[in-house]
Amino acid sequence: MAEAPFPTREPVDFVIVGSGAAGGIMAKELATAGFSVVVLEQGPHLQAPDFKHDEWGYDYNNELMWGKRHGHPQTFRRNENEEAQEVEFSLGYAHNVGGSSVHFSGNFWRLRPIDFMEASVRGTIPGTNFADWPISYEDLEPYYTKVDWEIGVSGLQGPWDPPRSRAYPCAPMPIKSPGVLLERAAEQLGYTAYPAPVAILSEPHNGRPGCIHCGFCNGYGCEVNAKSSSMVTMIPLALATGNCELRTGCTVSRVVTNEAGRVTEVNYWEEDGTEQSQRANAVVLCANGAETPRLLLLSESNLHPDGLANSSGMVGKNLMFNGYSTVMGLFENEVHAYKSIPADRVIHDFYELDPALGFYGGGGIDSRHPNRGLPMGTAMMGDPFGGPSWGAEFKQNLRRNFVYTAAFDGHTTSLPLATNNVTLDPNVRDKWGRPALRCTYMDHPDDIATMRFFYERTIELMEAAGATQTAGFYAEDGQTGNVHLLGTCRMGTNPDNSVIDANHRTHDVPNLFLCDGSSMVTSGRGQPTMTIMAMAFRAADQITQAARRGEI
Amino acid sequence: MLDRHHSRRAFLRAALQAAKGSCIALTIPAVLSACDQANEARKQQAAFTNLTEAEALAFAAIAARIMPSDETPGAEEAGVIYFMDTVLTDAEQLAFLRDGLTGLRQAAESAFGTSDFHLLPPQSQDQLLRAIEDGEFFGTMRFLTIAGMFCLPEYGGNRDNVGYQIIGFEDRHAWVPPFGSYDAERGGNI
C-alpha cells in the first residue's frame, strides 16, 4: 500500500473530517489497522510549547475558539419564529489538531447503565425525543476502559460508579481545598464526595509526564502534555503508522456523493483558499455536534435534497448542551482554588432525581475554582458578593474574591427536542461564503427545574461547608450557548427517527460514518468527552471489521 | 431555603459587568504586531502610537479611578494606559471611545468649569464617572483597565506583575500540594 502523503486523485481508504476527541482516535485506530487515512483539520497543529497562560489571548480574543472576528460568525435564536442574531459564537469549540480535547477541563465521567435505557426505565416524555440508545453500557464498557488506558485517566472508583473491567491507570489527583470543603459538606449532609475522574495524568503514563498543577486547564492547552488530549495521545500514534496524513488548515466544504448514493470524495479549501478534493472509499465525519450536521446540510444533492444522510429529518435536531449551575462561597482561610485542576471532588448522589419531584432530570456536583481560577476573569466580573465593581473598595475585595473562594457546580441533563437544533443561517455567511451555523435553543422546563434543583443543593452544600457568604447562578431563562454539542445526528435502529445505526454508519449512505457528540441519544449528566472517545474506539472497531468483511 | 447571605442578584449584576466592553477585541497576531509597533515607537521617543497625548492623559485618569493606587499599586503602576494604546488599533473602536471622552469632557465642563478631566480631584472624577457607569463608554474603559491590569506583561500592561500581586495570583508553572489551607489541614489525599 502507498504511504502518506497520498495523492488527492486516488481514493484513500478513509477521509476523516476533524481531528478532535473522536477524530484523533478514529485516525489512530484505522491507520493502525492498516488503512490509508487522510485527516482534514481546519485549525493549526499547535503543540505544548505554543500554549501560554495567556488569558487575554484565549479568553478575550478567542485564539483557540474562533468566532465572528476570525471570519466564523454564528447566529442564535430562541425559537424558529425569531430571526437569529449574529453572535461571536454560541456553539463553542476549539479549532486545532485535537479539537476541544486540547482546551477542555479534562473532567471525565463515564455514562452509567441507566443513561442508555432511561426512556424505558423512566418512561418517555411527551413533546420530547427522549429515547433509549441502541447500545448498552455493557457494549461500551470495554471501550471506556480502552480510553482509560490508552489516553491516561486519573481517578478512583466511587461507591455507585458503573462497573469497570479494569482499575484506573493513574491514581486520583491530589485533593485541593475546594474538594476538602465539598467533602466536609457532603459528610454533614449525608452524601458522598469522592475523587473526580480526569483525563489529566497524576503520574507518568505512556511516556507522558504527570501534571505539575499550574492551574491552566479549562480553556487552555497543557504546557507539559499531562492533559490527555487526542492531540498528544492519538495523533502521534496515527502519524507514526505511516498510513495517516494529517492536513491542517483544511476546511471541508462538501461531501460529494455519486448517483449510486455513495460518497466518492470530499471537497475542501486549503488555508490560502486553494480548492482541493480528496477521493475516498469511505468518509468518517468527526467534526463535532455543530459542524458535522452543518456539513451534511451543506452536502445536499438531487438524491439528498434535505441534506446528506437526512432522510429522517433528524440531522441537526435534538441539540443538547447539558445544564449548568454554579455557587461561589467565601471562606475564612485561603482556598487558592486557582492552583491545580479545575474539579477535584464529585458528588453523584443526585444522578437520577426522584420522579416524584414532578420533573425529569439528574446530574452531578463538583468542587471547582470560581471564574476558572483566572485573575482577569475574576476582576472582569464585578463583586458577586454585592460590593462595587470599580474603585478602591472593588480593588481591595479582589484578593478576597480570588483567594478565599471555592465554587460548587451542578452539571445536569438536557432533554432532546426537535426545536433545539443546528441549521444553516439564511442570511449570514462565513469567510468561505458558507451559510453560518445557526443555533436555535431553549432549555426544556424540566432542564431548568433540574438546574434549579442542583443550584439549591449547592447552596446548601456551601453553607454546610462553612461559607460565610454565597452567590451563584443557574440559567433560569435558558442557556444561549455551550461547549457541549450533543445529539444532532443521533444513533438509533430506526432510519425514520435517527441518522446513524448502532455502529455509526449513516442509515442512508453506506460508506459514510459519523462519530462525535452528535451521535449521542441522550445528554448524560455533563462531561461528555469520555463517552465521545469511547464511542470513537468502538466505532473504529466496528468500521474496521466491516471493512475487512468487504461490507463498506 | 435561600439563606440571607446568598445573593443571586449580586452575582448576576457582577456577571453583567463581565460582559460589557468586550467590543474591544483583536486577533492575537494583530495584538502582537501592535505590541511590536508600540515598542518600536517608544524607542523612538513617541509616547503613544494610537492615542493622542490628551486622550492618553484622560484615559489614564479614568483607569486610575477604576483601579486606584493606594496602599497597593493600581492602573498607573501597571501601565494600563500603554496596554490601551497598544490594543486600540481599530479606527471604529477608537472613534467610539473619542465620542465617549467628548461627552465626559462636556460633563466636566458644565459641572466643574473645566474640560480637563485628568486635572480634577478624585472625588469630582468619581462623581462624573458614577453618572456614566452603566453606559457603554465606561464599560469599555473598565474592560480595558482590567485587561491591562491582568494581562501578560508582554501586552504592555501588568508591569512587574503588579496586577497579579494585588489579586493574590502567583503565575507559576508548577505547584505541589498542599495548595490551600483546607487541604493542608486535612493531610493526605485519600
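Predicted model: local features only at pLDDT ≥ 70, side-chain atom pairs only at ≥ 80, totals over all residues.
Local features are given only where pLDDT is at least 70 and side-chain atom pairs only at pLDDT 80 or more, while totals for chains, interfaces and linings use all residues. Residues are numbered from 1 along each chain as its sequence is written, and chains are lettered from A and ligands numbered from 1 in the order in which they are written.

Chain A gives 57 residues to the contact between the chains and chain B gives 56 residues; two residues count as touching if their C-beta atoms, placed from the backbone, lie within 7 Å. On the side of chain A that touches chain B, the elements that each supply at least two residues include helix H6 (177-189), helix H11 (392-403), helix H12 (445-464) and strand E16 (469-474). Helices (H or I, at least four residues) and strands (E, at least two) are DSSP runs numbered from the N terminus. H11(A) has the largest share of this side, with six residues. By type, the side of chain A that touches chain B has 26 nonpolar, 18 polar and 13 charged residues. Here Ala, Val, Leu, Ile, Met, Phe, Trp, Tyr, Cys and Pro count as nonpolar, Asp, Glu, Lys and Arg as charged, and the others, Gly among them, as polar.

Strand pairing also links the chains. E16(A) runs parallel to strand E1 (residues 6-7) of chain B, with two bridges; strands count as paired if DSSP finds at least two bridges between them. In this pairing, B:His6 is the bridge partner of A:Thr470.

Which residues of H11(A) are buried? They are A:Phe394, A:Lys395, A:Leu398, A:Asn401 and A:Phe402. They lie on the same side of H11(A), because they cover an arc of only 115 degrees around the axis, taken from the directions from the helix axis to the C-beta atoms. An α-helix has 3.6 residues a turn, so residues three or four places apart point the same way. The buried residues of H11(A) pack against H10 and strand E13 (405-412) of chain A, and also against helix H9 (162-167) of chain B. A residue is buried if 20 or more other C-beta atoms, placed from the backbone, lie within 10 Å of its own, exposed if 12 or fewer, and partly exposed in between. A:Arg184, in helix H6 of chain A, is partly exposed, with 17 other C-beta atoms within 10 Å.

The largest nonpolar core has 217 residues; such a core is a set of buried Ala, Val, Leu, Ile, Met, Phe, Trp, Tyr and Cys residues joined through C-beta atoms within 7 Å. Among the members that touch the most others are A:Met26, A:Ala536 and B:Ala63. Helix H13 (residues 529-548) of chain A provides the largest share of this core, ten residues. Leaving aside residues up to four places away in sequence, A:Ala536 touches A:Ala22, A:Ile25, A:Met26 and A:Cys515.

Strand E6 (residues 244-248) of chain A is largely enclosed by the rest of the structure, because four of its five residues are buried. E6(A) runs parallel to strand E2 (residues 37-41) of chain A, joined by five bridges, with A:Val39 partnered by A:Leu246.

Two hairpins share E8(A). Strand E7 (residues 251-257) and strand E8 (residues 263-269) of chain A are antiparallel, with six bridges, and A:Gly261 in their turn has a positive phi of about 80 degrees. E8(A) also pairs antiparallel with strand E9 (residues 275-285) of chain A over five bridges. In that hairpin, A:Gly273 has a positive phi near 95 degrees.
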